Protein chains: 2
Amino acid sequence: MKNPLIITIGREYGSGGREIGKALAERLGISFYDKEIITLAAQKSGLAEEFIAGNEQRIRSGMMHNFSATASYHNGFFSHHYLPLSENIFIAQAQVIRDIAAKESAVIVGRCADYILEGRENTINVFIHAPMDARVKRIMHLHNEDEAAAIKEITRSDKERGNHYFRYTDMKWGKAQNYHVCINSALMGIQKTVEMLADLAQIEER
Amino acid sequence: MKNPLIITIGREYGSGGREIGKALAERLGISFYDKEIITLAAQKSGLAEEFIAGNEQRIRSGMMHNFSATASYHNGFFSHHYLPLSENIFIAQAQVIRDIAAKESAVIVGRCADYILEGRENTINVFIHAPMDARVKRIMHLHNEDEAAAIKEITRSDKERGNHYFRYTDMKWGKAQNYHVCINSALMGIQKTVEMLADLAQIEER
């Protein structure tokens with residue numbers, strides 16, 4: 001029997017990548033994971049969910065010295081003593097992603113899932129991006145904020161996601177060769193992009 | 001009236017990008033340009049076609065001092081005195097690409113066409129890549145050579161294409177954000193990739 005189909009989605013902030021992932025999962029009738037992964041990871045590792053949500057992408061040099069003080073074994077999850085807390089968060093998330101991939105078809109947004117599942121069959125790695133002007137418009141609309149605030153937020157998020165990806169994978173975020181398909185969501189819009197990816201997933205499934 | 005549709009294709013050597021471009025043009029019933037551009041550029045600029053074919057991507061530091069001695073105006077094309085010959089080749093090709101885009105729908109493979117047509121409406125920029133093992137197999141088969149020779153050829157070509165693209169565009173070759181769509185041709189194979197791009201082009205045309 002074939003592995004369950006996993007579609008990983010990396011995305012630029014404001015590109016609609018999360019929305020595309022959610023709609024794609026609905027269209028294909030498979031599970032969708034994003035923030036849910038944090039919840040699962042937190043439950044398994046015993047790290048407070050709020051802490052993970054607040055810190056997982058704020059990988060700053062200062063945090064490297066912020067060692068974890070959690071118990072070494074908690075709820076079936078091994079938490080490494082002497083590893084920075086951020087490393088334990090990554091390890092917990094990676095385990096959750098592997099568990100999902102072992103049991104069901106799913107769309108997984110972010111969390112370096114492409115890297116964590118590297119070499120796995122029946123996995124499609126997607127990267128969604130969009131030009132700055134389209135992203136600014138989207139964030140202004142979604143968060144009801146002005147242009148300057150949107151630009152600041154996008155710039156900060158791009159930098160954090162790029163750093164986070166590079167730190168854990170040693171690969172460049174948004175390099176075409178690291179993904180099966182990269183799409184500018186502004187070309188066709190969210191809905192048509194979802195359709196294209198659904199067609200592609202169905203071709204792969206045959 | 002809408003601009004003619006132009007699909008530019010950048011591609012890694014051995015990824016099948018040229019074959020995909022040719023099949024896509026046939027499928028859409030539009031023109032296909034690759035080596036043809038060199039011919040046209042040569043005719044316009046008066047540079048010998050063989051010279052262009054041999055030198056256009058061999059941008060080495062030594063060539064920067066290899067100034068063009070061609071006439072300044074030849075067959076309607078302005079050839080810049082005091083510019084390196086490689087620069088004149090690029091300028092000639094760029095003019096040919098702009099002329100094509102002004103008059104007909106086409107698929108244009110390579111030649112930094114994405115950059116030359118930057119900002120043009122009804123233009124879809126595609127990048128085709130494939131994992132090293134798939135490219136090696138393809139080149140071994142196409143050129144009837146052994147693995148070591150294929151790897152050497154691919155490595156040299158990647159480096160030359162990357163340098164050529166960076167030199168003229170100041171952008172990184174194969175960076176997802178520079179294209180509308182990037183695809184690993186090994187995911188679905190050449191034929192399915194052509195179909196996907198044809199569907200996408202037709203969505204854009206509507």
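How many salt bridges are there between chain B and chain A? The count is 0, although 9 residue pairs, both at pLDDT 80 or more, are in polar contact between chain B and chain A. The model is predicted.

**Interface between chain B and chain A**

- About 2000 Å² is buried between chain B and chain A, and 64% of this area lies on carbon and sulfur atoms.
- On the chain B side, B:Gln177, B:His180 and B:Leu187 lose the most area to chain A, and together they make up 29% of what that side buries.
- Chain B gives 22 residues to the contact, and chain A gives 22 residues.
- Polar contacts between chain B and chain A come to 9 residue pairs, counted with both residues at pLDDT 80 or more.
- Four elements of chain B give two or more residues to the side that touches chain A: β6 (123–129), β7 (181–184), α8 (185–188) and α9 (190–205).
- The largest share of that side, 5 residues, is supplied by α9(B).
- By residue class, the side of chain B that touches chain A has 12 nonpolar, 5 polar and 5 charged residues.

**Helix α7 of chain B**

- Helix α7 of chain B runs over residues 147–169, which is 23 residues.
- At 1.5 Å a residue this helix should span 33 Å, and the 32 Å between its end C-alpha atoms agrees with that.
- Its buried residues include the charged side chains B:Glu153, B:Asp158, B:Glu160 and B:Arg161.
- Also buried in α7(B) are B:Ala150, B:Ile154, B:Ser157, B:Gly162, B:His164, B:Tyr165, B:Tyr168 and B:Thr169.
- B:Lys159 belongs to helix α7 of chain B, and B:Lys159 is exposed because its relative accessible area is 59%, over the 50% cut-off.
- From B:Lys159 to B:Ile97 the separation is 62 residues in sequence and 24 Å in space, C-alpha to C-alpha.
- Just after α7(B), B:Asp170 has a positive phi of about 65°.

- B:Arg111 is located in the loop between β5 (106–109) and α5 (113–116) of chain B.
- B:Arg111 is not a glycine, yet its phi is positive, at about 65°.
- With a relative accessible area of 5%, B:Arg111 falls under the 20% cut-off and is therefore buried.
- B:Cys112 is in the loop between β5 and α5 of chain B, and its phi is positive, near 50°, in a residue other than glycine.
- B:Cys112 is buried, with a relative accessible area of 5%.

**Arg98 of chain B**

- B:Arg98 is part of helix α4 (residues 85–103) of chain B.
- Its relative accessible area of 39% lies between the 20% and 50% cut-offs, so B:Arg98 is partly exposed.
- Leaving aside residues up to four places away in sequence, B:Arg98 touches B:Ile116 and B:Leu117.
- B:Arg98 and B:Gly189 are separated by 91 residues in sequence and by 31 Å in space, C-alpha to C-alpha.

**Chain A as a whole**

- Chain A has 9 helices and 7 strands.
- Chain A has 206 residues, of which 54% count as buried.
- Among contacts in chain A with a separation of 6 or more, 68% are between residues 24 or more positions apart.

Key
Residues numbered from 1 in each chain as written. Chains lettered and ligands numbered in written order. Predicted model: local features only at pLDDT ≥ 70, side-chain atom pairs only at ≥ 80, totals over all residues. Heavy atoms only, no water. Expected span 1.5 Å × (residues − 1). Buried < 20%, exposed > 50% of the residue type's maximum accessible area, 1.4 Å probe, protein only. Contact = heavy atoms within 4.5 Å. Buried area = accessible area lost by both parts, 1.4 Å probe. Salt bridge = Lys/Arg side-chain N within 4 Å of Asp/Glu carboxyl O. Polar contact = N/O pair within 3.5 Å; in protein donor to acceptor, adjacent residues only side chain to side chain.
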